[in-house]
Amino acid sequence: MFYQSTRNNKIMVSPSEAVIRGIADDGGLYMFSSNKDIGVDLEKIIKLNYFDMAKTILLKLLPDYTEEEMEKMVHDAYTDKFETDDITPTVKVGNKYVLELFRGPTSAFKDVALSMLPQLLTFAVRKNGTEDDIVILTATSGDTGKAALEGFKDVEGTKIIVFYPENGVSDVQKAQMITQEGKNVAVCAVKGNFDDAQTGVKIIFGNQDNEKLSETFGARLSSANSINIGRLAPQVVYYFKSYSDLALSGEITLGDKVNFCVPTGNFGDVLAGYIALLMGLPVGKLIVASNANNVLTDFFENGEYNKNRPFLKTISPSMDILISSNLERLLYLATDCNSEEVAGYMKDLSETGKYKVSEEVFSKIKSVFEAEFCDDSETVKTIGKYYNDYGYLVDTHTAVALASYDKYVEETGDNTPAVVLSTASPYKFCGAVARGIGLSEGETEFETMEKLFERTGVPVPAGLSGLNEKKVLHTKSIEKAEMEDYVLSKVSEKVWKN
Ligand SMILES: *Cc1c(COP(=O)(O)O)cnc(C)c1O
């Protein structure tokens, strides 16, 4: 099996090369060329534990890794890092199920993929014959940076530099990053907003040549971006795991269809659900849940993707996004790998900010996907409703998905068993969660966290409690124009000291 660029299917690379490259030279995303070899035996796979399930699924999607390699990578990625042995538990809440993806080290679902990516990347690099250090550059608006730091921390042969906007992240998110331990990590504030930091990183990737860096410093730059297939593939696993939990506990019978509702930003998480379906998981509908930035809701309503609209800041910030990059992969699959057609849509998007898919593609997509959205006031109300009715505390992103699913059922009457994906701990978004359950906020986010705990008794995740008393290890703050020099000086240092 090989991977092709969604914009030119003559560009072909092996799975591990796709992990190394991240994005194709023509700006397309790497996607598998055919789904005829990725099917799994459902009856067998649901009996496996998370680790063996992950190994089986990842070997199907990334078959140029060996079985021994995959076993070691999965072991190193997930052992002793998550709160629960089953990594992603599914719990029953009212008449739905909630798939808790936030039990990892940083309490956000990105941990599941970012624990695995460093493993996939280092093995891929060695496979393709280089001994260079891989230096990961990431700009973050909050969650990704911390999850990437934890994922790459002390992974042999890698280093990571995270840039965050000085005044653009929450107190908790900032505290999580500036107290980061590890001998291969650097965290640096940029005087500007997230776009400044992100643009700065893109400029560095554009200017620097990996062959030269390799010769001069024995190092190469790479990215932990969410369009890397090495981040997408590990997310397929928990769809199977959740289905397995329901089937083994007798909540469903093997073969029954299950709907999944996914709080969506860049479209990676929900696309992983579609890949699970292609691999043979009995998925009914995939419901794409958005906040007030509802560009996807409109797309699934009428087949036109139109980003020409105001960007809204909401209380579910990880879904504040107007270009959902991974949607391009769905278009590729829905056009039967017609890269010319996809390239046309993407050209329209970059030139006019919009595109409309053909009737054929739209009806194919609509046979699986539905979409709903909810605004901030509905989100806060939903947090209160689920806490009052079921004693279950959810974060703002999960609340968007719960409310969206309730709307979907109201409109369709669909009574298929439903799993709602929960993407963050409520303690990551304390202010809005407190308001949701009718609690007044404290002076600081940390005070609110304490109050939330006193009121609800829901344990504060280990990575978040006592964070404000941890030693600050990263204090550097620079102008955006200084980012490239900073990266070069770090790359030239063989051993980092914080
Ligand atoms: C990143 C993120 C999302 C969106 O996931 P996508 O894969 O980008 O669609 C949703 N919720 C939380 C908490 C996130 O961090």
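## A helical tyrosine pair

Tyr405 and Tyr408 sit together in helix α17 (residues 396-412), three residues apart, or about one turn of the helix; helices here are DSSP runs of H or I with at least four residues, strands are runs of E with at least two, and both are numbered from the N terminus. Both tyrosines are buried, a label that means under 20% relative accessible area, with exposed meaning over 50% and partly exposed anything in between (1.4 Å probe, protein chains only).

A quick word on the model: it is predicted, so local features need pLDDT of at least 70 and side-chain atom pairs count only at pLDDT 80 or more, while totals for chains, interfaces and linings use all residues. Residues are numbered from 1 along each chain as its sequence is written, and side-chain values use heavy atoms, leaving out hydrogens and water.

## Aromatic pairs

Rings of Phe, Tyr and Trp (its six-membered ring) pair if their centres lie within 6.5 Å; planes under 30 degrees apart count as stacked, over 60 as edge-to-face and the rest as tilted. That rule gives 18 aromatic pairs. One of them is Phe267 with Phe300, which counts as stacked because the centres are 6.1 Å apart and the planes are at 20 degrees. Phe267 comes from the loop between β10 (258-263) and α11 (268-278) and Phe300 from helix α12 (residues 295-302), so this pair ties together parts 33 residues apart in sequence. Phe267 is buried at 1% relative accessibility, and Phe300 is buried at 1% too.

As for Phe267 and Phe300, they belong to one aromatic cluster along with Tyr274, Phe299, Tyr305, Tyr345, Tyr355 and Phe369.

The side chain of Ser318 has an N or O atom 3.4 Å from a ligand oxygen, and a polar side-chain atom of Thr423 is 2.9 Å from a ligand nitrogen. The protein covers 95% of the 390 Å² of accessible area that the ligand has on its own (Shrake-Rupley method, 1.4 Å probe; for residues, only the protein chains shown count as cover).

In total, 15 residues surround the ligand, the closest being Lys110, Gly265, Asn266, Asp269 and Thr423; a residue makes the list if one of its heavy atoms lies within 4 Å.

## Salt bridges

The model has 28 salt bridges, each a side-chain nitrogen of Lys or Arg within 4 Å of a carboxyl oxygen of Asp or Glu. Glu71 and Lys55 make one, at 3.1 Å from N to O. Glu71 is in helix α4 (residues 67-78) and Lys55 in helix α3 (residues 50-61), 16 residues apart. Glu71 is partly exposed at 43% relative accessibility, whereas Lys55 is buried at 13%.

Glu370 and Lys285 form another, at 3.7 Å from N to O. Glu370 lies in strand β14 (residues 369-373) and Lys285 in strand β11 (residues 283-290), so the bridge ties together parts 85 residues apart in sequence. Lys285 is buried, at 19% relative accessibility. Shared partners also join Lys55, Glu67 and Glu71 into one salt-bridge network.

Technical notes:
A polar contact is a pair of N or O atoms within 3.5 Å; within protein, one must be able to donate a hydrogen and the other to accept it, and residues adjacent in sequence count only if both atoms are side-chain atoms.
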